[in-house]
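Student: Could you take me closely through one part of this structure, the helices and the charged pairs, and explain each term as you go?

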Amino acid sequence: MREHVRMAAVAVDTKPGDTIGNLDRIRQWAARSRDAGADLVLYPELSLTGFIPNHPTGDHDAWLRKALAGARSLAEPVSGSAVDGLIEIAQQNNLLLSAGMLEDAGNMLHNTQVIVGPDGLLGHWRKMHVPMFEMPFYNGGDQPSVIDTPLGRLGVNICFDALIPESTRLLAVQNAEIVLFPFAADPPPVTPQGWQEWAAPALRNRCQENGVFGLACNYVGRVDFAGVEQAFPGGGLAVGPRGEVLAEWPVTTGQPGMLIVDFDPEMLQSARAEPEYLYRFRRPELYGPLAKTFP
């Protein structure tokens with residue numbers, strides 16, 4: 001991990017079906033993050049192509065057909081123009097950028113988070129654990145990878161994945177140092193503080209269990225698609241490798257905003273040298289039954 005790493009988490013009010021406008025919003029915040037000295041900017045889950053709301057109150061069958069057709073029309077491959085636009089923004093600002101997209105994988109759709117830099121696409125991750133309301137749209141992804149970057153070894157858990165302990169452990173066994181946690185969640189009360197109270201216990205546990213830094217950012221704003229609306233409060237959190245909170249969301253109004261935090265590799269080394277460093281006490285030879293299905 002590099003000696004000094006400055007991270008930005010940016011909640012930006014992107015819209016489904018407006019990828020060009022979304023790139024403009026992402027570009028504006030990338031410039032602000034650059035001016036704040038950031039090395040990497042995390043944008044929320046599905047921030048590049050926009051979140052599709054999924055709580056219809058009317059005819060569910062009619063909504064589902066319309067929403068699925070719309071999702072197909074706005075989905076893009078990872079090699080498409082949306083990611084190309086993100087790479088261009090990374091080049092203009094000399095930053096690493098991570099944003100989420102509805103990925104067209106041919107015969108399936110995925111909820112995917114990418115990391116790009118000035119030299120192009122560095123990696124992509126597909127949401128592994130898909131919650132009930134999202135199941136009509138996205139298929140679950142494969143095991144996540146960890147990538148080497150100039151900042152350190154990075155991996156991603158997308159929203160609901162962070163609530164499942166094995167998700168982050170899959171990154172830890174590949175020696176991840178920093179984990180990005182993009183969210184699109186609206187737990188009650190729908191405020192940044194409400195989101196933090198809901199998400200923080202899991203995020204702090206994932207970081208402490210595995211001795212990693214964590215940076216989280218939640219979707220913000222109102223989205224409207226296929227006749228259904230949904231509102232997100234924003235929010236963000238930075239967590240250290242002991243599970244300690246390093247920075248909290250500075251915006252209380254549910255508006256777009258930015259969190260800046262510095263990650264110090266000495267903190268990582270110190271946490272992993274503690275007698276209670278939990279990852280050291282793993283006993284993989286005992287865990288075979290966890291992968292079995294019992295009647």
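Tutor: Let us begin with a term: a residue is called buried when its relative accessible area is under 20%, exposed when it is over 50%, and partly exposed in between, using a 1.4 Å probe and protein chains only. This is a predicted model, in which local features need pLDDT of at least 70 and side-chain atom pairs count only at pLDDT 80 or more, while totals for chains, interfaces and linings use all residues. Residues are numbered from 1 along each chain as its sequence is written, and side-chain values use heavy atoms, with hydrogens and water left out.

Helices (H or I, at least four residues) and strands (E, at least two) are DSSP runs numbered from the N terminus. Helix α2 covers residues 60–74, which makes 15 residues, and its span from first to last C-alpha is 21 Å, close to the 21 Å expected at 1.5 Å a residue; the expected span is 1.5 Å times one less than the number of residues. Within α2, the residues W63, A67, G70, A71 and L74 are buried. Seen down the axis of α2, these buried residues fall within an arc of 105°, so they line one face of the helix, the arc being that of the directions from the helix axis to the C-beta atoms. On the face turned away from this buried side, α2 carries the exposed residues R65 and S73. The cover over the buried residues of α2 includes β3, β4 (109–117), β10 (220–225) and β11 (228–233), where contact means heavy atoms within 4.5 Å.

Now for the charged pairs. Side chains of opposite charge can pair when their charged atoms come close. A salt bridge is a side-chain nitrogen of Lys or Arg within 4 Å of a carboxyl oxygen of Asp or Glu, and a search of the whole structure finds 15 of them. One of these joins E134 to K127, with the closest N and O atoms 2.8 Å apart, and both E134 and K127 are buried. E134 and K127 are also linked with E45 in a network of salt bridges. Another salt bridge pairs R153 with D148, the closest N and O atoms being 2.9 Å apart, and D148 counts as exposed because its relative accessibility is 62%. E229 and R222 meet in a salt bridge as well, at 3.3 Å from N to O; E229 counts as partly exposed at 46% relative accessibility, and R222 counts as partly exposed at 47%.
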